[in-house]
Each structure stands twice: as C-alpha cells, then as structure tokens.
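Thank you all for coming. I would like to walk through one model with you, slowly, so please have the sequence and the structure open while I talk.

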Amino acid sequence: MNGKTVMACIDAAFASLKEHTDEIASLDQQIGDGDHIFNLLRGMEALLAVKADIEAEAFGPALELAASKVLSTVGGSSGPLFFSLLSGMAKASAGNAPDVAGFAHVFSAGVEAVGLRGKTGVGSKTMMDVLIPVAKRFGELAAQGASAREVREVLPRVAEDSMLATRDMLATKGRASFLGERSRGHIDPGARSSQIMIAAVCARLAQHNK
Ligand code: ADP
Ligand code: MG
C-alpha cells in the first residue's frame, strides 16, 4: 500500500458517493440540514485536485495530506471527524505500508481519533455506529489470522448491518439529536456515507489484488 493505493481508494469512494448523492442528501434532509453529501463531495473534489501529490507519497504521508485537505474543505460536523479518521490512521501507520494486522491497527487508531474528536461511541446514531463495529471486527479478523480477501468480504457486511441498525436509534449527538424521538425511523446520513465508502474501498482493494 502506498500513495497510489490511497488515491485509488479515494477515487472509488468518490465514485460511489456520487452515485448515492440524492439518497444521502435526502437522509440528511430528514434528520439534519441536507448538506452532508455536498460537504463530502467538495472534500473529494479537493482530494482529486491533489491526486498527483497524494500518489507520489508513501502510505502514511498520503493519508496525512488527504487529512489536511479534508479539514480545509469539508465543512459541517463531519469535516473535522473525517480529518481525525485519516490523520489518526496516518499517525498510527508511522510511514509503514501495513499488512492485514497492521491495517486493522491503523484503522482502529483512526476510529479512536474520531471518538475523541466527536466525544461519542456506539449508540448515538452517528457514523461511529458503523466505524466502531467495523474496526472491532477488523481487529478480531486480524487476530484470527484472516486473509486480506476474507477481510474485504466480511467488513462490508458488518458495515451494512451496522448502518441499517442506525434506523431505529435515538440520535443523541449532532444535529439529529435536536429532533429527539422524531430522529427514529431514519438511517443516519454519516453512517450511510461511511458504509458506502467502506464498501467501495474494499471492492477497489479486491481489484488491486486480483
Ligand atoms: P452537520 O450535522 O454539522 O450538518 P454533516 O451534515 O456534514 O454535519 O454531518 C452529519 C453527520 O455527522 C451525522 O450524520 C453523523 O453521522 C455525524 N456526526 C455528527 N456529530 C457527530 C459526533 N459527535 N461524532 C461522530 N459523528 C457525528
Ligand atoms: Mg448536515
């Protein structure tokens, strides 16, 4: 894994988010202010604008560069949170291009950084309801010596189940929490966008390693 792999994953995440623009916009209109997908797409476009710079870097520095672009372009609550994810991953990678166990550790460090920034864990109806179960399962798979292929097959399913589970949750963090009980019955937009990106990245990495 290097800057080229990081950029390939960003490209894949961007393509899939674009395909789901209307759906994510509508989710955020129901329990937020509707800007979530547009915040993300703006960030993705900024990342594409520095594609060559990201590709030229090693794994960790490529993530760090992507993190700084995300921070300066993605607004809303999710900008600083996705910055924390990428920057937390960059710090934990310490310049290495990790294997399965290493990547599980790196991802989990990124998710922990999001938790510190957003001051939330599972059950608040946020992106953390996808990120935490995925990081946890990733760690378990790594501890069992799972192959990269197994990881790429299992994690999208965990992400999807976890995303769907946000539908019945009561929002206690972010804008959706202002709705109280009325937040129930809608999937969290950040959980959906995170799940879409995880699925897209796993699919792209599978192509890379064919
Ligand atoms: P805003 O709510 O400021 O308009 P966005 O629309 O960009 O920001 O992002 C909304 C998403 O951010 C929510 O769907 C939720 O997943 C996530 N979110 C909000 N607050 C938090 C938090 N404290 N921790 C983790 N995720 C959060
Ligand atoms: Mg919003």
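Where is Lys119 found? Lys119 is found in the loop between α7 and α8, where helices (H or I, at least four residues) and strands (E, at least two) are DSSP runs, numbered from the N terminus.

Before going further, a word on how to read this. This is a predicted model, in which local features need pLDDT of at least 70 and side-chain atom pairs count only at pLDDT 80 or more, while totals for chains, interfaces and linings use all residues. Residues are numbered from 1 along each chain as its sequence is written, chains are lettered from A and ligands numbered from 1 in the order in which they are written, and side-chain values use heavy atoms, with hydrogens and water left out.

Let me stay with that loop for a moment. Most residues other than glycine have a negative phi. Lys119, however, has a phi near 50 degrees, a positive value in a residue other than glycine, and Lys125, which is found in the loop between α7 and α8 too, has a positive phi of about 65 degrees although it is not a glycine. Are these lysines buried or exposed? Lys119 is exposed, with a relative accessible area of 62%, whereas Lys125 counts as buried at 1%; buried means under 20% relative accessible area, exposed over 50%, and partly exposed in between, with a 1.4 Å probe and protein chains only.

Ser183 is buried, with a relative accessible area of 0%, and, leaving aside neighbours within four places in sequence, it is in contact with Ile31, Lys125, Arg167, Met169, Leu170, Ala171 and Ala176, contact meaning heavy atoms within 4.5 Å. The side chain of Ser183 also reaches the backbone oxygen of Gly180 at 2.7 Å.

Now to the interior. In soluble globular proteins, nonpolar side chains tend to be buried together. Here the largest nonpolar core has 58 residues, of which Ile10, Leu17, Met44, Ile54, Phe107, Leu131 and Val134 touch the most other members; such a core is a set of buried Ala, Val, Leu, Ile, Met, Phe, Trp, Tyr and Cys residues joined through side-chain atoms within 4.5 Å. Helix α8 (residues 128-143) gives the most to this core, with eight residues. Taking Ile54 as an example, and not counting residues up to four places away in sequence, we find that it touches Gly3, Val6, Met7, Ile10, Leu47, Ala62, Leu65 and Ala66.

How many aromatic pairs are there? The count comes to three, under a rule by which rings of Phe, Tyr and Trp (its six-membered ring) pair if their centres lie within 6.5 Å, with planes under 30 degrees apart counted as stacked, over 60 as edge-to-face and the rest as tilted. Among them, Phe59 and Phe103 form a tilted pair, 6.0 Å centre to centre with 55 degrees between the planes. That pair links distant parts of the chain, with Phe59 in helix α5 (residues 59-73) and Phe103 in helix α7 (residues 100-118), 44 residues apart. Phe59 is buried at a relative accessible area of 4%, and Phe103 is buried at 16%. Phe103 and Phe138 form a tilted pair as well, at 5.8 Å centre to centre and 50 degrees between the planes; Phe103 lies in helix α7 and Phe138 in helix α8, so the pair ties together parts that are 35 residues apart in sequence. Phe59, Phe103, Phe107 and Phe138 form one aromatic cluster.

Finally, the metal. Which residues coordinate the magnesium ion (ligand 2)? The magnesium ion is coordinated by Asp28 (OD), Asp33 (OD) and Asp35 (OD), at 2.0 to 2.5 Å, and its donors follow the spacing D-x4-D-x1-D along the chain. Donors are N, O and S atoms within 2.8 Å of the metal (3.2 Å for Na, K and Ca), and water is not among the atoms, so sites may look incomplete. Asp33 is partly exposed, with a relative accessible area of 39%, and Asp35 is partly exposed too, at 27%.

Terms used: A polar contact is a pair of N or O atoms within 3.5 Å; within protein, one must be able to donate a hydrogen and the other to accept it, and residues adjacent in sequence count only if both atoms are side-chain atoms.
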